[in-house]
Amino acid sequence: IRDRDFDWRPTVEVVEREDVPGAGGEGVNRTAQGDWNDVVWESLLIVGEDEYANQVIADTIGGATAGFYDTGEGGDGNGTANRTVSLVGNVHEPTLAHELVHVMQDQQYNLSAERFAPPVQDEQLASQGVVEGEAEYIRFVYERRCEGDWQCYGSSGASGGGGSGIDGNVGLLMTLIQPYSDGPEYVHELRQEGGWEAVDEKYDDVPEASSEIIHGEEHGGTEVEFENEATDGWSLYDAGKDGYDVAGEASIFVTFWYQSHPAGYDLGVIDTSSFFRGRGEYARYDYRSEVSDGWQGDRIYPYHRETEEGNETGFVWKSVWETEDDAETFADAYLTVLDRHGAERVDGATRLVEGDFRGAYRVSREDRNVTIVRAPTTEGLDELRPSDSEAERPTAGPIDARPVPEATPGFGFVIALAALSSVVAVRLRSRS
């Protein structure tokens with residue numbers, strides 16, 4: 001399919017579910033970077049206050065992985081590149097095809113290079129849109145040829161054996177698999193326009209926003225201006241990119257999908273009915289919505305401080321949108337989620353929330369900019385962001401935030417989750 005020789009032939013092994021990194025249930029040690037990441041996922045309303053995000057990530061990936069390849073040092077000729085592909089439970093040939101693409105990619109492009117592991121979440125999803133997108137696209141093409149012209153080896157049962165089930169956090173999982181969903185269609189369009197050469201070029205100049213993978217077109221973005229105003233002992237973490245992370249369009253979409261869908265919190269903030277009808281021939285899911293479509297840029301700044309009661313955390317999340325209406329729609333939708341979690345309304349912009357996402361929140365908008373502040377108390381909001389203390393609630397009107405695309409064949413949630421056992425074939429970064 002790729003018309004490219006391997007530099008060397010990898011070994012293929014079959015492992016049990018408990019051998020998948022993160023699947024054994026072992027505890028993940030807390031670190032400062034992990035605490036920073038914890039606040040990021042709390043801001044997205046995907047991982048709650050009582051869970052540790054890095055542990056949830058390990059559990060979720062470990063339970064869904066069908067195969068994995070741990071990158072070495074790529075094709076730099078020093079002999080340290082990993083030579084083993086691991087399949088979970090049995091030999092599932094489409095999963096093997098996906099993982100062998102990662103071996104080829106590692107040999108050709110060195111997947112351990114920094115450009116494939118940027119410091120912020122949205123850039124990570126974007127770069128993986130090329131890496132996982134090509135692997136999934138070739139898997140699709142391979143399966144189709146096996147159904148027609150080729151006589152293929154076949155598979156010893158379904159993929160992801162060894163007691164695999166879709167456990168863990170579905171919202172987090174749907175975020176992590178966005179490159180697997182939109183990436184194949186993105187790679188297909190590149191190939192249609194410029195052949196495999198156009199795909200090769202993206203490994204040298206990887207996309208920097210998930211919006212490019214979602215919509216199949218370059219995304220210029222907008223610089224997000226931010227000034228640290230925090231007082232009373234609040235400090236930024238030494239993590240991410242100068243202390244901040246970038247959520248991006250894909251993660252923002254999943255925030256509202258997870259809060260709205262019955263598999264999540266079932267709050268009905270947006271219409272999720274067309275999610276399982278992907279954009280184009282090769283996309284599994286549709287990550288587009290009016291809540292997330294107008295995204296131009298954002299930064300999430302997690303904060304922490306030590307008190308007599310222990311460590312406190314909060315965040316300031318500033319985002320920029322294409323139009324004022326886009327900004328209003330996003331801000332109003334976020335407040336609506338808080339309201340449907342039973343929030344106490346302090347004023348037009350401020351909420352007190354109990355439960356999984358407990359804390360005080362303030363959502364403000366100025367033109368195309370939205371700022372969300374969260375702290376343990378309302379006093380903490382003023383300490384973190386004094387300039388937003390007089391914020392007013394955006395008024396976007398009724399939320400109808402999910403565009404309905406043309407009717408295409410779709411499938412229900414249970415079937416979609418079953419399909420993930422063959423989708424989530426992952427490339428792991430070297431742990432050395």
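Let me start with a definition: buried means under 20% relative accessible area, exposed means over 50%, and partly exposed is in between, with a 1.4 Å probe and protein chains only. The areas come from the Shrake-Rupley method with that 1.4 Å probe, and for residues only the protein chains shown count as cover.

Now the ground rules. This is a predicted model, where local features need pLDDT of at least 70, side-chain atom pairs count only at pLDDT 80 or more, and totals for chains, interfaces and linings use all residues. Residues are numbered from 1 along each chain as its sequence is written, and side-chain values use heavy atoms, with hydrogens and water left out.

First, Arg-284. Its relative accessible area is 15%, so Arg-284 is buried. Arg-284 sits in the loop between α8 and β5. Those labels are DSSP runs, numbered from the N terminus: helices are H or I with at least four residues, strands are E with at least two.

What does Arg-284 pair with in a salt bridge? Its side chain meets that of Glu-136, at 3.9 Å from N to O. The cut-off for a salt bridge is a side-chain nitrogen of Lys or Arg within 4 Å of a carboxyl oxygen of Asp or Glu. This pair links distant parts of the chain, with Glu-136 in helix α4 and Arg-284 in the loop between α8 (248-260) and β5 (295-307), 148 residues apart. Glu-136 is buried too, with a relative accessible area of 0%.

How many does the structure hold? There are 22. One of them joins the side chains of Arg-2 and Glu-134, at 2.5 Å from N to O. Arg-2 lies in the segment before β1 (11-15) and Glu-134 in helix α4 (residues 121-147), so the pair ties together parts 132 residues apart in sequence. Are the two ends buried or exposed? Arg-2 is buried at 11%. Glu-134 is buried at 0%.

Another pair is Glu-383 with Arg-305, whose closest N and O atoms are 3.0 Å apart. Here Glu-383 is in helix α10 (residues 378-384) and Arg-305 in strand β5, 78 residues apart. Both Glu-383 and Arg-305 are buried. There is also a network: salt bridges that share partners join Arg-2, Arg-4, Glu-134 and Asp-200.

On to helices. I check spans against an expected value, which is 1.5 Å times one less than the number of residues. Helix α8 has 13 residues and reaches 19 Å from first C-alpha to last, close to the expected 18 Å. In α8, 13 of the 13 residues are buried, so the helix is largely enclosed by the rest of the structure.

Helix α3 covers residues 93-109. Its 17 residues reach 24 Å, close to the 24 Å expected. Of those 17 residues, 15 are buried, so α3 is largely enclosed as well. After α3 comes Asn-110, with a positive phi near 60°.

Helix α9, residues 324-340, also agrees: its 17 residues should span 24 Å, and the end C-alpha atoms are 24 Å apart. Mostly, α9 is covered, with 12 of its 17 residues buried. Among them are Phe-330, Tyr-334 and Leu-338.

Then two positive phi values outside glycine. Asp-232 has a phi of about 55°. Asp-232 is in the loop between α7 (210-215) and β4 (235-236), and it is exposed at 52%. Asp-367 has a phi near 55°. Asp-367 is in the loop between β9 and β10 (369-375), and it is partly exposed at 45%.

Strand β9, residues 359-366, holds Arg-362. Arg-362 is buried at 7%. Its C-alpha is 5.3 Å from that of Ala-349, 13 residues away in sequence.

Last, the surface. Which residues form the negative patch? They are Glu-197, Glu-201, Asp-204, Asp-205, Glu-208 and Glu-218. Patch residues have over 30% relative accessible area and no salt bridge; like charges are joined within 9 Å, and nonpolar side chains (Val, Leu, Ile, Met, Phe, Trp, Tyr) within 5 Å. Asp and Glu count as negative, Lys and Arg as positive; His and the chain ends are not counted. Each charge is placed at NZ of Lys, CZ of Arg, CG of Asp or CD of Glu. Glu-201 lies in helix α6 (residues 178-204), and it is exposed at 55%.
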